[in-house]
Amino acid sequence: MAKHQLKFYPVGNGDNTLITLTDKTTILIDCNIREGDKTEQGNKIFPVKDDLIESIQTDKKDNSYIDLMILTHPDQDHCRGFEKHFYHGKSPDEYGESNRDNEEIIINELWCTSMLFNGADNDDAKALKKEAERRRKLWDEDKPEKNNDGNRIRMIGYDGDVKFENVPASVPGETIDLEMINGNTSENFEFFVHGPFKKNLIEATAEDDKNFSSIIMQARFKINKTDSDWACFYLFGGDADHYRWAEVINKSKKHDNEAKLEWDLFLSPHHCSWTFFNDVPYDAKTENKTPKQSSLDLLDYRQGSGKILASCKVVRSTDKNPPHPEAKKEYQKKLEKNSDFIELSKEPSEKEPKPYVFEVSPQGPVKKGISEGSASAALGGSSSVVNNKSEYGSKLTY
């Protein structure tokens, strides 16, 4: 029986996660596809593009595609390699032999925020902006092909002070299920949107800090669509800092959505940066060294023996930010074992890191290759929490 799979790529200070669902739907969250074979330190760079091509599907014309790409925000370390490796700027009907020879990946649906239109300051982000604008124009002009594979787009958050009118959009407080992504009615997966909030998008535009605008979501996985309980929760938020997460917690409590903060797997924000815990620089003020209670509280929504993934360089005691050694220590305090904090850049070895892969079992996420029956296999806890869809199916936005 096919299982949901979450693959975390080792990409240094950057994010690159591939979710593959039981029906083979593929969801790419950010990309950081680096060039070359080795880092300056002589460590092997994992060939992300090659692995993506092997992991995703092809259509009837043998064109590689992913069902959905989510860009949390347009910093280079979250979209590096897009211009070279993904088809963009033209209709999918124009995908030709040269695109196929280059193994350019078609994105059936793209999710982003309005920050992409205002804050694209690198070549990859500019290519993404061009593609998003092409897709948005199809919806603005109500073209019949707007909902075809390779043309779909969904904006996350607001367009300034208002919700997007013509293009599909989801704002904090809303649930996005699989049927809204690709028409599949299996009901065994969905996203809950936590952020960005309207004011964060406005602040990011005004202050030129794209991290404010990061998409924050919880992904929820079931084993069977008829199950009342969820088997796994994955919480991620790009480079959102402690201010954004504090707002997420406050809104979730206010609207009785604390179940949407639960996690078995948590991607440490901003590559194990201290910004999740307090202001930086860490040494600038005495108070900066004290973790905010809201950040510590968020980590207490851990389900069972959850794991925290650090998509960053190997954490050194001399590092400043990111990653930050004190952030690693704070994460480990909230885990059952220090080894539950996973530095992707040294798994299984620092010299040759490889993707860290989880499969979703009835007992929770299990590292691929480990028997579900082993005592340490399942991270556990989620399936014991009753959180069925009828409990929060309404789209009450914040």
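Predicted model: local features only at pLDDT ≥ 70, side-chain atom pairs only at ≥ 80, totals over all residues.
**Note on strands, a helix residue and salt bridges**

1. Strand β15 has both faces covered: I216, Q218 and R220 are buried on one side, and M217, A219 and F221 are buried on the other. In a regular strand, side chains alternate between the two faces of the sheet.

2. What does β15 pair with? On one count, 6 bridges join β15 to strand β14 (residues 189-195), and the two run antiparallel. Here V193 has M217 as its bridge partner. Strand β16 (residues 232-236) also runs antiparallel to β15, with 5 bridges between them. Here Q218 has L235 as its bridge partner.

3. Next, an open sheet. It has 3 strands in the order β5-β6-β9, with mixed pairing. Its edge strands are β5 (57-58) and β9 (106-107), each pairing on one side only. Strand β6 (residues 64-66) runs parallel to β9, and 2 bridges join them. Y65 has I106 in β9 as its bridge partner.

4. Look now at E330 in helix α10 (residues 325-333). Is E330 buried or exposed? E330 counts as buried because its relative accessible area is 12%, under the 20% cut-off. Its side chain makes a polar contact with the side chain of K333, at 3.2 Å. Leaving aside residues up to four places away in sequence, E330 touches W274, F277, P291 and L296.

5. Side chains of opposite charge can pair when their charged atoms come close. How many salt bridges does a search of the whole structure find? The search finds 28. One network of salt bridges links D75, D121 and K210.

6. Helix α5 (residues 123-140) holds both E131 and R134, 3 residues apart, about one turn of the helix. They form a salt bridge, with the closest N and O atoms 2.8 Å apart. E131 is buried at 2% relative accessible area. R134 is buried too, at 17%.

7. D140 and R136 also lie in α5, 4 residues apart, about one turn of the helix. Their side chains meet in a salt bridge at 3.9 Å, N to O. D140 is partly exposed, at 40% relative accessibility. R136 is partly exposed, at 21%.

8. K44 and E352 form a salt bridge, the closest N and O atoms being 3.5 Å apart. This pair links distant parts of the chain, 308 residues apart. K44 sits in the loop between β4 and α1, and E352 in the loop between β19 and β20. K44 is partly exposed at 39% relative accessibility, and E352 is partly exposed at 34%.

Conventions. Residues numbered from 1 in each chain as written. Heavy atoms only, no water. Pairing = 2+ DSSP bridges. Buried < 20%, exposed > 50% of the residue type's maximum accessible area, 1.4 Å probe, protein only. Polar contact = N/O pair within 3.5 Å; in protein donor to acceptor, adjacent residues only side chain to side chain. Contact = heavy atoms within 4.5 Å. Salt bridge = Lys/Arg side-chain N within 4 Å of Asp/Glu carboxyl O.
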